[in-house]
Structures are given as C-alpha cells and as structure tokens.
Amino acid sequence: GLRALGVPVVCVDARQAKAVLSARVHKSDDLDAEGLAQLARTGWYAEVRVKSLDAHRLHSVLTARAKLVAMKRTLSNTIRSLLKTFGMFTDRARGAGFAARVRTLIADEPLLEKGIEGMLSSWEAIDDEIRTLDRFLAREARRDAVCQRLMSAPGVGAITALAFRSVVDDPTRFRTGAELAAYLGLVPRRHQSGQMDRMGSISRCGDPLMRSYLFEAATVALSRVKRPNRPVAWAREIAQRSGLGKARVALARKLATVLLAMWKTGERFTWTAAEDTAVEGTPAAQAA
C-alpha cells in the first residue's frame with residue numbers, strides 16, 4: 001500500500017538486525033529504536049524483497065498442505081507404534097488400505113480400538129483434506145503457463161513448480177543461478193580464519209519448504225526418470241564419486257538454476273539423446 005502511494009519502503013533482514021542489536025548489554029525499546037536508526041543511517045543492512053500478495057497467497061496454501069502432511073505422518077506413526085506393542089504390524093500408511101488394515105487388526109481389541117479409532121478418524125479426515133488441496137493445486141498448475149514450463153524439467157511436479165513460483169515471484173531479481181542457489185540455502189558454508197579455510201555443509205538459509213521440494217524432485221529424477229538428460233547424468237556421475245547424498249544436493253541446486261533459466265527465457269526443458277548425456281570432464285565424456 002505504501003509503495004502504491006509512492007512511498008519508498010525498505011524491509012531489513014530480521015536475522016541481521018537481531019544479530020547487531022544483540023551486541024548491546026542492555027535491551028529496551030528505546031535502545032532497539034536507536035539501533036535500527038543507526039542501521040538506516042549507515043546503510044549497514046541487508047534489504048529483503050517483499051513478495052507480491054499473490055505469491056503470499058499461493059505460499060500460504062502450500063504451507064497449509066505441508067502442515068497437514070506432517071500431521072498425517074505423525075498420526076500414522078503413532079498408530080503403528082501403538083499396534084507394534086501388541087505384535088500387530090501394518091505397512092506404510094498409504095491410501096485407504098491403511099485404515100482398513102488397522103481396523104481389521106483392532107477388531108478383537110475393544111480397549112485398544114477405543115484409543116486408536118479417534119486418531120484413525122482424524123487421519124482419514126486429514127487425508128481427505130490433503131487430497132482436496134492436491135486437486136486444487138494441480139488445477140492451478142495446469143492453468144499457469146510458467147508452471148507448465150517448469151513441470152517439463154525432470155522430477156518437477158505441480159507442487160514443486162507452484163512452490164518455486166511463489167518463492168521466486170520475480171525471476172529478474174536474480175542475476176545468476178548462483179544467486180538463487182544462495183538465496184535458497186543450497187550453497188556450502190565457508191569458514192575462513194588465518195590459514196584455515198573450510199567449506200562446510202549447505203547453509204540451509206531461505207525457504208525450507210522450497211528446499212525440501214527441490215530435494216524431493218532431485219530424488220525422483222535420480223531414481224525414477226529414465227529419459228536421458230544432462231542434469232541427471234551429471235548428478236549420477238557425482239553419486240558414483242561422492243555418494244547419493246551429495247548427488248541429491250547437487251542436483252537440487254542444479255534444478256533450481258535450470259528452473260530459473262527456463263522461467264527467464266520462456267523455454268521448456270530440453271531433453272537430450274542418450275549419446276549426448278555424457279558430462280564434460282567425467283569418465284563417460286572422456287571415453288567418448
């Protein structure tokens with residue numbers, strides 16, 4: 001609203017501001033206001049872009065779905081652990097077969113049935129809500145031209161495409177894919193002091209939901225995608241050298257940069273022939 005009126009607005013990174021203000025011995029509202037004023041005066045702050053309302057609306061639906069999925073998983077794990085105490089075992093909680101299997105197991109246990117039926121009914125209700133949201137999000141993805149292009153990449157489905165659209169919002173604010181990877185927390189931390197220079201694990205900054213969807217997309221691409229393509233071939237070479245875990249992280253970062261490029265250029269993902277998937281510098285490429 002302020003920007004619509006022509007008022008300049010700067011949103012400061014809350015983590016940085018908190019780190020600066022925590023250096024003071026005493027904390028009060030007056031001191032916090034003075035500290036923020038000093039940040040504004042010196043310009044020593046990191047500005048955070050405020051995304052559009054449409055992006056916030058879409059992200060709120062995705063967040064609600066993720067919370068429901070977490071609740072469903074917690075309930076199913078609790079039910080399975082209670083049954084295991086009595087020597088009753090079920091498969092993983094997938095589909096309506098899980099509820100039917102549980103009810104069959106507890107049919108001859110009235111007291112156990114009293115405790116589990118409430119959780120099982122809640123599990124079914126949450127499962128129905130998740131399915132409803134999935135259908136809604138699938139329709140939204142089909143209607144969106146950008147999401148349709150993003151879904152042409154390996155391992156990327158409707159949920160991942162919509163999450164990427166809501167988190168990035170405006171692709172022009174990232175000059176390179178490396179900036180986006182850093183924004184999503186997919187680059188390694190660096191600790192340098194004197195003669196020590198160590199690269200650690202990824203920073204895990206940014207939106208954790210988007211990062212988890214990219215990891216899922218990378219896992220699907222590595223395990224299920226059979227159609228030849230360069231990013232997956234490159235990640236499989238990394239898996240042979242350094243293990244599947246590092247390959248998943250590398251491919252998630254690669255997918256983020258590829259999706260950004262596709263959004264900017266308006267092009268769909270380009271699949272390659274089997275003989276073109278060898279990555280430069282890898283044994284397969286050298287052999288070719």
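**View 1. Partly exposed R165 in helix α7 of the predicted model**. R165 has a relative accessibility of 25% and therefore counts as partly exposed, a class that lies between the limits of under 20% for buried and over 50% for exposed residues. The residue belongs to helix α7, which comprises residues 158–168.

**View 2. Surroundings of the R165 side chain**. When neighbours within four places in sequence are left aside, R165 is in contact with D144, V146, C147 and W263. With D144, one of these residues, the side chain of R165 forms a polar contact of 2.8 Å. P231, which is 66 residues from R165 along the chain, has its C-alpha atom separated from that of R165 by 21 Å.

**View 3. D169 in the loop between α7 and α8**. Phi of D169 is near 65°, a positive value in a residue other than glycine, whereas most residues other than glycine have a negative phi. D169 has a relative accessible area of 18% and is therefore buried, since the limit for that class is under 20%.

**View 4. R204 in the loop between β4 and α9**. Strand β4 covers residues 196–202 and helix α9 covers residues 208–223, with R204 placed in the loop between them. For R204, phi is near 60°, again a positive value in a residue other than glycine. The relative accessible area of R204 is 52%, so this residue is exposed, the limit for that class being over 50%.

Terms used. Residues numbered from 1 in each chain as written. Predicted model: local features only at pLDDT ≥ 70, side-chain atom pairs only at ≥ 80, totals over all residues. Heavy atoms only, no water. Helix = DSSP H or I, 4+ residues; strand = E, 2+ residues; numbered from the N terminus. Buried < 20%, exposed > 50% of the residue type's maximum accessible area, 1.4 Å probe, protein only. Contact = heavy atoms within 4.5 Å. Polar contact = N/O pair within 3.5 Å; in protein donor to acceptor, adjacent residues only side chain to side chain.
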